[in-house]
Amino acid sequence: MLSSSSTAVKNLPLKRRLCFLLKLLCFVSSVLIFCEFLIYYVVILQCRWPNVKSGAHMTEKETSASVLKVIILADTHLLGEIKGHWLDKLRREWQMERSFQTALWLLQPDIVFILGDVFDEGKWSSPQAWADDVRRFWKMFRHSAFTELVVIAGNHDIGFHYEMTTYKVNRFEKVFNFTSGKLITRKGINFVVVNSVAMEGDGCVVCRTSEAKLVALSHKLNCSQQKPNHSNKRCSDVEKLPVSEPILLQHYPLYRKSDAECTGEDSAPPEEKNIPFKEKYDVLSREASQKLLWWFQPRLILSGHTHSACEVLHAGKIPEISVPSFSWRNRNNPSFIMGSITPTEFSLQKCFLPFESRVFTIYCAAGALLVILVLAHVQLLTPPFYFAQRLISKHKAV
């Protein structure tokens, strides 16, 4: 049977064989282009900016102009030279690059926040490895002058508290212009950037400096919230900031017992939800969490670190959104948050990226179809077809 098939292939006209090969090439190319490029447009095109309430006396045009369009993502974990296999790097970084660039092109946000753990090995990478990781990061997350990118430090970037050094913190700050206690104000909206790794509360050099900046910023924000009062001497010489309750941006979540109350398709797996969180490792300590809530009285908290989605209420009124990982290495269904924010209101919407399992299914289906087409072309599938036809013919004759 095999010899007859090979003879049949040899007897095929050269033009027909070339035509078949060209068709196969087009088929394979189409599958690759769709799975590695077009699928990101197909999926992200379905995401829409959420609507936000407008003021009573504001027109639709004024509301649109005052809304800040924000994208929030977390835990990209760019692989390093120690643990990162080159093929894994190539695959994961391509996926994140295509997702980010497609989102920028389709959604055109005003500002993008990355909530820490940008790198996987920043906590122990050498100067040369760090420089290579930074180069790859800027290639992947390149952006136009119309979009601002703000990157926050995570434990994998500067180390857990016991690994964190002034050198690592300064190295990160130099590249990303990151400072704990930094205030970012856009369109009258106050964002407070927190180095949550430095909220250990043990008086270390980095911790003392970070907390001092946060306390000073808290004083400014609180004075700005108060009505003018000549008798309040503590606020007389303080620079006034926009009167808007701040939004906290940090890597570690505030203290919670576990992810047991978290819901949604991208929340933690059932077997992990009831595992108790360790303070100062999985979440901030109770003390540090209370400090941040007391200092800033935020209207929203955005965090990462857990790689899974969660929404909790602190003090019964302050929402915290834990943003899941942006990397397929950590999740089958990565996502990012789209936020429409004004000085008084905000509305959030999740945008899922292509499920890796679905991409794998497409490749498997395409591969099976390719095998069938090749076998049919070389007539290996012809005898079974003829056998079926003969059975049908005999049945009709009877």
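A surface patch here is a group of residues with over 30% relative accessible area and no salt bridge, with nonpolar side chains joined within 5 Å. Keep that in mind for this predicted model, where Ile33, Phe37, Leu38 and Trp94 make a nonpolar surface patch of about 340 Å². Below is a quick tour of that patch, a pocket and a salt bridge.

**Helix 2 and the patch**
- Helix 2 covers residues 14-44 and is the top contributor to the nonpolar patch, giving three residues.
- Ile33, one of the patch residues, sits in helix 2.
- The UniProt record (an unreviewed entry) puts "transmembrane region" at residues 20-43 and also at 360-387.
- In the model, residues 20-43 are 100% helix and 0% strand, and the C-alpha atoms at the two ends are 32 Å apart.

**The largest pocket**
- The largest pocket holds about 370 Å³ of space.
- Its lining comes to 17 residues, and Phe277, Tyr281, Asp282, His305 and Thr306 are the ones nearest the centre.

**Salt bridges**
- You'll find 18 salt bridges in the structure.
- One of them pairs Lys139 with Glu97, with 3.0 Å between the closest N and O atoms.
- Lys139 belongs to helix 5 (residues 127-140) and Glu97 to helix 4 (residues 86-107), so this pair ties together parts that sit 42 residues apart in sequence.

Key:
Residues are numbered from 1 along each chain as its sequence is written. This is a predicted model: local features need pLDDT of at least 70, side-chain atom pairs count only at pLDDT 80 or more; totals for chains, interfaces and linings use all residues. Side-chain values use heavy atoms; hydrogens and water are left out. On a 1 Å grid over the protein atoms alone, a cavity is a set of points where a 1.4 Å probe fits but cannot get out, and a pocket is an open set with protein on both sides within 12 Å along at least five of seven lines; lining residues have an atom within 4 Å of a point. Grid points are joined across faces, edges and corners, and a volume is the space filled by probe spheres set on the points. UniProt positions are given in the numbering used here, feature names are shortened, and annotations may be inferred rather than shown by experiment. Helices (H or I, at least four residues) and strands (E, at least two) are DSSP runs, numbered from the N terminus. Patches are made of residues with over 30% relative accessible area and no salt bridge: like charges are joined within 9 Å, nonpolar side chains (Val, Leu, Ile, Met, Phe, Trp, Tyr) within 5 Å. Accessible areas come from the Shrake-Rupley method with a 1.4 Å probe; for residues, only the protein chains shown count as cover. A salt bridge is a side-chain nitrogen of Lys or Arg within 4 Å of a carboxyl oxygen of Asp or Glu.
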